[in-house]
Amino acid sequence: MSPNEIYDFILSVARLGVPLIFAAYGGMLSERSGVANIALEAYLLFSAFAAAAATSIFASLWMGVLFGLLAAALVGVLFAVVCVYGRGDQVVIGMAFNLLAAGSIPIFNKALFSITGSTPALPMQLRMTEPLIFFGLALVFVLFLEFLFRKTKHGLRITACGENPMALMTQGVSYKKLRLRAVVEGSLIAGLGGIYLSLCQGSGYARDMAAGRGFIALAALILGAWRPLPTFLACLFFAATDAVQIQLQGKAIAGVLIPNSLIQISPYVVTLILLVFSSRRVLAPQAINKQVSE
Amino acid sequence: MKFFISLLSSLFILSLGILLALTLVAFIGESPLLVLKILISGSLGGTREIANSLFYATPFIFTGLSVAWAFQVGLFNVGAEGQMLMGGIAVTSLGILLPDLSPVVAIPLAFFVAFLIGGLWGAIAGWVKVARGAHEVLVTILLNFVAFGASSFFILNVFRNPESQNPETFEIGPHYFLSSLSFFDPSSPLNQMIYVAIFCALVFSMVFRKTILGFYQRMSGAAPGVALRSGIFIDRQIIFAMFISGGLAGLASCGTIMGYAHKAREGFANGAGFIGIAVALLGRNRASGVVLSAILFGALAKGSLDLDLDTQFVTRDLALVIQACIVIVVASQPGIELFYRNVLQPRLLAKYFTKYAESKK
């Protein structure tokens, strides 16, 4: 590989890594507060759709960003309320939110633009053309989250809430309110990933554009042991797998053309293999997906 | 009596879920009543519609039983979709590679292969959970993506029928065909597979009611500590549960492939695996409940097909929204019960009793 190719490869890893990093950080805030979050896919899809729809309706990027964040926050609030007050299995509820995203976005899309598949393609001036700004933001978030969880009252309380909510209650802090707050903050961060997907990486919303990134982000979160820097590195690793996979599409390896359908599954296979070879059950927040008795 | 109480509460949850979904319909400016009317007339409007609804319900019974079996053991199998795809690929490959097999052997062998391959795909998740401690939900979701890729590889690259315009495989041998049931409507795709589905539901019910196996399975999920101290190998029970769960999901593909299409088309699972989650939850993980709610979701799937054409904004995706709402309501039941017990009931009692006391004055 020439230096130029290496540079391009690094750029594409950064580009592909951004949505994973934001989604994983969204999940991190929620999971460290004790709310298992498998609805990251729904966060990404809703915010990507809202951002693209608002941008094309108001013809303004800032409205797009605003509505993307609003949509993510709305989904986050709903998810948090159902999880905290519904007291059900958070994984089941998360799957329901993913279903909700898959079912309701086409309906909203048809109501707004008369087609179900995608929002109208955005013209060049209504797209964000600098993916590295988002990557820089992701880097800032690594430092910020490390600082949050180590040095601030809020961060320490979130960790306590995920490990032992009763201990937090003896301090006079409501674990419910804290979980609501942490989940919604997380959804805002994950919303940035959705905005990036539709306004920067793509040219509008396309059906199922998250393509399982929410789940891969969750795997990265587990591999990164729910800590900011390791999770960041795990996301970059998955992004690199994805970049290699895209490079390999349509190319013959040792004279054999491998079908795209097989190459496209390689990131998922790599994720699975990594999960198999790293048993990290012990590191999970202790109170995750457990109900506090009342 | 117990059955009727759970039926009533399921119906209540169902109507709450549909109500939530119809709120969304009203929100985007479409008449909820019109949507409800289309859903009902499209699924129950005539013998043809009913037969079609039952055809749609057949795979849902299997995937519902699949998810319910895993739930009985405390596992959440989100991978029924992938297991169904793997089972379907296996059946199609068998039917294409051995088209002249004797009819006595062909159909049982096809069921066996679908069950085995789907089951092994599910058992992977069980093994990873037991041996490596990875959560089964994440593993089965990732396995779904792998199964999507593998199935399109088989359909587009290995067995693709070059004469067809659509992405689909060659036709399977005629000895594998399941005959269609004509007493409803001769033109409907409803076929014998629904009998197999009912049979599996009966076996499911027997296993968990009458056998020691069902008892061990349930105990490993509900009280792993007790199970361990009674000498039950929980690890084996979990892998076995995921195997049976995957096998049932694998069988779900047979109705369409062997009874109607006679080939595999790309995306033939069509979300049935995910619908299985809602079916199992609404059916409270019991065989009778799963069959009833599968029929209901079959009707919903059939009825929602007409929404694309007959309404302005609402599409068939509404079926997904209704499922999501039902799952949310079912899962939130502990919170709703707590709210009723701690907040609503005391208030109602206070109101009733003060009124009662005042009327006596």
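Guide: Helices here are DSSP runs of H or I at least four residues long, numbered from the N terminus. With that in mind, please note that this is a predicted model.

Visitor: Where is B:Asn270 found?

Guide: B:Asn270 lies in the loop of chain B that runs between α11 (254–261) and α12 (272–282).

Visitor: What makes the phi of B:Asn270 worth a remark?

Guide: Its phi is near 55°, which is a positive value, and the residue is something other than glycine.

Visitor: What makes B:Ala125 a buried residue?

Guide: Against that same cut-off of 20 or more, B:Ala125 has 33 other C-beta atoms within 10 Å, and therefore it is buried. B:Ala125 belongs to helix α5 (residues 103–132) of chain B, and, leaving aside residues up to four places away in sequence, it touches B:Gly79, B:Glu136, B:Val139, B:Thr140, B:Leu143 and B:Met242.

Visitor: Why is the crossing of α5(B) and α6(B) called right-handed?

Guide: A crossing is right-handed if the near helix is turned clockwise from the far one by less than a right angle, and the crossing in which α5(B) passes α6(B) is of the right-handed kind. The two axes come within 9 Å and cross at roughly 145°. Residues that meet there include B:Trp121 and B:Ala125 in α5(B), with B:Glu136 and B:Leu143 among their counterparts in α6(B). By type, the residues of this contact divide into seven nonpolar, one polar and two charged.

Visitor: How many residues of chain A and chain B are in contact?

Guide: Contact requires C-beta atoms within 7 Å, and 41 residues of chain A are in contact with 40 residues of chain B. On the chain A side, α4(A) gives the largest share, 15 residues, and the residues of that side divide into 26 nonpolar, 10 polar and five charged.

Notes. Residues are numbered from 1 along each chain as its sequence is written. Chains are lettered from A and ligands numbered from 1 in the order in which they are written. This is a predicted model: local features need pLDDT of at least 70, side-chain atom pairs count only at pLDDT 80 or more; totals for chains, interfaces and linings use all residues. Two residues are in contact if their C-beta atoms, placed from the backbone, lie within 7 Å. Helices (H or I, at least four residues) and strands (E, at least two) are DSSP runs, numbered from the N terminus. Ala, Val, Leu, Ile, Met, Phe, Trp, Tyr, Cys and Pro count as nonpolar, Asp, Glu, Lys and Arg as charged, and the others, Gly among them, as polar. A residue is buried if 20 or more other C-beta atoms lie within 10 Å of its own, exposed if 12 or fewer, and partly exposed in between; C-beta atoms are placed from the backbone. Axes are lines fitted to C-alpha atoms, for helices over the stretch in contact, and angles run from 0 to 180 degrees between N-to-C directions.
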